[in-house]
Amino acid sequence: MKNLNILINCPLNFDIKTMDSKLGGIEILNISLAKMLNKKGFNITISSNCKRKNKMGNITNLPIKTIIKKNKYYRFDTIISSNDATIFKYFGESKKILWLHNKLQIEKSLRKKQFLSIIKHKPISIFVSNYLKKKTSILYPFKKRLIINNFLTDHFYSKKTILKRKPIFIWSVQRTKGLDKTINIWINEVFPNLKNAKFYIFGVKTIPKNYKQNFLKSKNIFFKGKVNRNILRKYYSNSMGMICLGYDETFCLNALEANSMGLPIISFGYSALNEIIKNNYNGFIIKDYNQLSNKIISIINFNNSYRNKIINNSLLASKKFDRYIIIKKWLKII
């Protein structure tokens, strides 16, 4: 069984030697799953929109175009494909698993020829959250509908927990919905009361048009752009909270990674974040933007005992997403 050939298909622009700072969550998860399965003795190939063949130890990375063009030369016992069902038509005998990270609207799936492939091949569908499963149309004739949550990768395993934190808050999701309002609240309500508090924004390329960088810096708001996970880890480990409002998150790997560094999440609790956050345990569910500034200020003013409790709770909450727990679920399906 361990000699099975597995194709992990991820139709995004990367190769396994891509610098970490250029890799998104889906790419990181695909590479991490490949490594874990390879350690279990499986023969692993990753297909992506890379330009040429690459190797990482025993893992082969091939361009998707090569896999498709020369499909008769390849045999895969199982195909795990992220958000793409079209690859299945080239490998009729393979076991087919569609790993859904994002919503798959009927109109979009028809336009991109996903729907027809799903109807024909009836893959097992893996949803990263119960929220995503509920948001996926029942019209798709999947063989099975299963939930396997995302997992912590190598970057976010803390050997030492820092309990002494600085009054720093993090925004690290690339979605910008709600960011303008959060910035306004920081400028008008948080900063006037706590001038040593800092707000770091990662993953967002451009500063909102109605603000200038020097003005934002004067209010302790810093745009850092896209950075590698080691830098994120450093900031998470020293901060007091992550602001992740939760608009349309199908899982939110960032929130999980923050929790693993002892960082509680401040959120409206929308979408899949409702499955990750337990209010007043590993995060704080707020009702509106008016409560956001109050919650930030209250977190800064936590006494050491309560802060340590929240840090430890966040760490404990992240442990159920340990890669060694999640991989067992994948192995059962494979």
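These legends go with a set of close-up views of the structure.

What you see is a predicted model, where local features need pLDDT of at least 70, side-chain atom pairs count only at pLDDT 80 or more, and totals for chains, interfaces and linings use all residues. Residues are numbered from 1 along each chain as its sequence is written, and side-chain values use heavy atoms, leaving out hydrogens and water.

**View 1. Helix α4 and its buried side.** Helices here (H or I, at least four residues) and strands (E, at least two) are DSSP runs, numbered from the N terminus. Helix α4 spans residues 114-121, and its buried residues are Q114, F115, S117, I118 and H121. They sit on the same side of α4, because they cover an arc of only 165° around the axis; that arc is taken from the directions from the helix axis to the C-beta atoms. Buried means under 20% relative accessible area, exposed over 50%, and partly exposed in between (1.4 Å probe, protein chains only).

**View 2. What surrounds α4.** The buried residues of α4 pack against β6 (95-100) and α3 (106-111), with contact meaning heavy atoms within 4.5 Å. On the face turned away from the buried side you'll find L116 and K120, both exposed.

**View 3. The D248–K103 salt bridge.** A salt bridge puts a side-chain nitrogen of Lys or Arg within 4 Å of a carboxyl oxygen of Asp or Glu, and by this rule the count comes to six. In this one, D248 and K103 meet at 2.6 Å, N to O. D248 lies in the loop between β12 (241-243) and α9 (253-260) and K103 in the loop between β6 and α3, so the pair ties together parts 145 residues apart in sequence. D248 is partly exposed at 38% relative accessibility, and K103 is partly exposed at 24%.

**View 4. The D154–R323 salt bridge.** Here the side chains meet at 2.0 Å, N to O. D154 belongs to the loop between β8 (144-147) and β9 (168-171), while R323 is in helix α13 (residues 323-333), 169 residues apart. D154 is partly exposed at 46%, whereas R323 is buried at 15%.

**View 5. Two cysteines, C10 and C50.** The structure holds zero disulfides, a disulfide being a pair of cysteine sulfur atoms within 2.5 Å. The cysteine sulfur closest to that of C50 is in C10, 11 Å away and too far for a bond. C10 is buried at 0% relative accessible area, and C50 also counts as buried, at 10%.
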